[in-house]
Amino acid sequence: MAGLQPSLAILRSRRLLPSIWDVLVFGLVIGVLALIAFGGHETLQPLAVANRRPVSLDPVNLPYYALRTTLRMLLGLVFSFIFTFIYGALAQKSRRAEMILIPVLDILQSVPVIAFATFTLAFFLNLFPGNVIGAELAAVFEVFTAQAWNMAFSFYQSLKTVPRDLSDVSDSLRLGGWRRFWTLEAPFAAPGLIWNAMMSMSGAWFFVVASEAISVGKTTITLPGIGSYVALAIDQKNLGAIGWAILVMLVVILIYDQLLFRPLVAWSEKFRVELTAASGPPPQSWLLDFVQRARLAQNLFKPFQVLADRIVRFRTPYRVEPPKVVTEVWSSRGMDYAWMGLIVVSSLVAAWFAISFVRTEIGLGDVMTTVGYGFITLVRVLVLIALASLIWVPIGIWVGLRPKWAERVQPVAQFFAAFPNNLFFPVAVVTIVRFNGLPDVWLSPLMILGTQWYILFNVIAGATAFPNDLLEAAASFKLRGWAWWRKVALPGIFPYYVTGAITASGGAWNASIVAEVVSWGKTRLEAHGLGAYIADATAKGDMQRVVLGVAVMSVFVVLLNRLVWRRLFDFASRRLALN
Amino acid sequence: MPVAAAVREAPKIGEVILDIDTVRQAYPRGPSNTLLVLDGVSLKLKAGEIVGLLGRSGSGKSSLLRIIAGLARPVDGKVTWRGQPLHGPSDGIAMVFQSFALFPWLTVLENVEIGLEPLGVPAAERRTRSLEAIDLIGLDGFENAYPKELSGGMRQRVGFARALVVHPELLLMDEPFSALDVLTAETLRTDLIELWTEGKLPLRSILIVTHNIEEAVLMCDRVIIFAANPGRIAAEVKIDLKHPRNRDDPAFRALVDDIYVRMTKPLEAAARAAQQAAAAAHGGMGIILPDVSTNDLAGLMETLFGDFDGKADLPELADDLTMEVDELFPLAETLQLFGLAEIASGDIRLTEIGRRFVESDVDQRKRIFGEQFLARVPIAALIRRVLDERPSHRAPYRRFSEELEDFMSEDAADETLSAVITWGRYAEVFAYDEQSQAFSLENPE
């Protein structure tokens, strides 16, 4: 599975230590979020709740709900692609835009946007007062936030690594900017982009399910969908309905995978630049085969192809070089300083706004408490990653070295990774309540329920890709037992493992907001932690504490990424990469 | 703008179509450094001729080609194309790339057609002209194949078809055959020359960049020899042989030999200058060292000693080892720097020390190599001295790379240190730990 590497998009960043620049950009991002919270807060009260059509627990309705949820997913994907193309291209074409856009992306990756669901909902409801479209868009926006950053980063990095000769030939042929984009840049980025979109699915399902039933003050806005169905089932303590929802979700994800992503991934193989055949069999899709072979299907797609062709062939003039004077002034140091000054000032203003907004309610003591909660959640995340690694690394290696097994287990692991595990939470709550478990301990595994699979399938991929001659050499030197694990297997899969662990860790932080507080009917289980802190503040409509909690969590995530994961990744790719 | 080149009145044979006037090119290296890659290069290209730009890598010949192609702007000097100053990629100039530069997701036909699109050629005409070009270049039947299904030679034919389909007046070729195997390259060369001499190519002139001397003599009417650091024109050789040319023709051999001598001249001069500089107090630190392996050095000396009795004609040696100038020269240069061999008028000769090296066993070889290394490579002597003086016998990489960067670009300093680390490890005069990025005297037991 050579295709796994693109999932590292976000990690191939340049530097390790947070710089003053990151701090500034951080201020900017949090400031803007505080602004949204502020705006949302101001307008929450007079909000007319548009849609209160009750969701019914009758399983007959589930296919319809599933369809609605899926449509939201699709729409979010479309928006993510549009955003990716614009954002990535902008960051690549303009050095100055790059200076600000890329660090912003980096921070946005680490901000648990789901905590803001309430305010984004308020924001969108205000855009379309009295109309359900606002709520729909808010849900779509959640899907968008789960995918867009990762996709934009992948696209940007592909643009940065467009082969020089292909770029030269495009210039030499004088393809205009538009044509060049569709002939060279978009195709070149396609495999990585599609892979990253698929990898972000888990988060997207998770978010869409969570955002279909959101409480605003005392009222709950529900959109027909699987998420709201589950919310109702929780409210009514209907375990059977939860079972139905899980079943339907399984089917939906299976269909989504088979009809959308598998064909896309198989199709995008054609855009790989390596002219030699890739190692391992290329991804297959029966649907793609059907479309490419069947005349009927081809005729069906023909109009789209013609249209796409028209759009792509729209001619724009080849760039005309501006006069030297303009270029010199525009690209001078002075302009750089002016631009940097602008960023610094706006960051400071935004940060000042965030601080003064939070300070109206909160003192230093609260900040310390929040940081304390952050450490509790940090411990939880690290312990869980360690536990998951202890379990899944040996299993993954064992499976990966047996191609027959890997072939069967791999799709299952990927499938579980995409499943919105919040659907399973009620089952866990019922169990914990029954056995009187301690929430602080037993709620924790929920955080990693969905993301642990990333560790498993990355390790499997690593073990599958392990060169056979090294294995045979190890066997011929009679390396066995612990020595074999330490010298051969673990270093061999380490780069893959780090990839998986990073994704799992990021997902766990996000999940903590949903997993540290769970309810079942009137029963409410709460663990201590930053996630619970944010969830509580959101439920109470306490904007200041939400902003503070989100800011603290972002700092934790950024520091953990920079100080631990990126270093490990750097080490892995420098010392342990096998090619 | 969208007027096809064919409509223009074709320039007559001998008329100057491209005029390069004292062009200078430099790239920024670090905040205050610039790397000068071309200095005062002037060249006129006439209709009806094939001109070769010949030189070692780093001599700026490819930079010049990029300027002519409009892919780069010179920092100084004038380029005139068909009487107009050149701004960016122009009508009538097409380029063939060393790496073929085909879009892997387009078929052969689509790859060729795309060249016509920006010219505003209607779809039907695009199709017919592309098919003509594909036909001409011998790709019939491969129209719907994807590049990954083709062999290297076939891929480069697509590259030619794409360049020819726009009916350019000038065809630029950047080492077009160097990524191909010997047989394929020869077939492609002869095919191209045949089409050219029969007047079947819609072209007025060809400019080809190469580091293969025989290729230049085989194809060109004129060969411009480039010298490196900074890149400049060192000599020009006219080739009046009739096509098809025969490699075994004595006149052909004489031209190859002549070009070898001209190309080694700056090499000898540079080596002498380096030696003189090394003798000076702080000098010699400015020599950029090529990262060549000690195995290759020993192998070259063994070949010299065994097959050539210690002295060889460079072209013959290159032939014997099937090496190109770019591979052979750095080795020869390094041997000369170490005092293990000498280069004079196109010949290379083992020195006394060089002979002793070949006749020694492994440990002795290492000792001889180490002695020469410390005596003749100033940066090596410096590293050893610093390590000896420090009580810890350790020194970080930065200590020396910064010292070198006073004299050269950062990349060059890294390459030089990489060579020094390889040689130092072989000679066991110091050790280097990649993880801590430090030199030391300890040898792992």
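Let me begin with strands β15(B) and β16(B) (residues 438–440), which run antiparallel and are joined by three bridges. Two strands pair if DSSP finds at least two bridges between them. Please keep in mind that this is a predicted model, in which local features need pLDDT of at least 70 and side-chain atom pairs count only at pLDDT 80 or more, while totals for chains, interfaces and linings use all residues. Residues are numbered from 1 along each chain as its sequence is written, and chains are lettered from A and ligands numbered from 1 in the order in which they are written.

Within β16(B), Ser440(B) is the bridge partner of Ala431(B). The sheet concerned is open and has three strands, in the order β14-β16-β15 of chain B, with antiparallel pairing. Strands β14 (394–396) and β15 (431–433) of chain B each have a single partner strand, so one side of each is left without a neighbour in the sheet. Neighbouring strands are turned by 25° against each other on average, direction ignored; axes are lines fitted to C-alpha atoms, for helices over the stretch in contact, and angles run from 0 to 180 degrees between N-to-C directions.

Chain B has another open sheet of three strands, ordered β11-β13-β12 and paired in the antiparallel sense. Its edge strands are β11 (311–313) and β12 (341–344) of chain B, each of which pairs on one side only. Four bridges link β12(B) with β13(B) (residues 347–350) in the antiparallel sense, and Glu342(B) has Arg349(B) as its bridge partner in β13(B).

I turn now to chain A. Its secondary structure comes to 24 helices and four strands. In helix α3(A), the buried residues include Ile100(A), Leu105(A) and Asp106(A).

How far apart do helices α15 and α23 of chain A lie, and at what angle? Helix α15 (residues 364–400) and helix α23 (residues 530–540) of chain A have axes 7 Å apart and pack at about 130°. That makes α15(A) oblique to α23(A), because angles under 35 degrees count as roughly parallel, over 145 as roughly antiparallel, 65 to 115 as roughly perpendicular and the rest as oblique. Among the residues making this contact are Tyr373(A) of α15(A) and Tyr533(A) of α23(A); residues are in contact if their C-beta atoms, placed from the backbone, lie within 7 Å.

Lastly, the contact between the chains takes 20 residues from chain A and 18 residues from chain B. On the side of chain A that touches chain B, α6(A) gives the most, with six residues.

How values were computed:
A residue is buried if 20 or more other C-beta atoms lie within 10 Å of its own, exposed if 12 or fewer, and partly exposed in between; C-beta atoms are placed from the backbone. Helices (H or I, at least four residues) and strands (E, at least two) are DSSP runs, numbered from the N terminus. Two residues are in contact if their C-beta atoms, placed from the backbone, lie within 7 Å.
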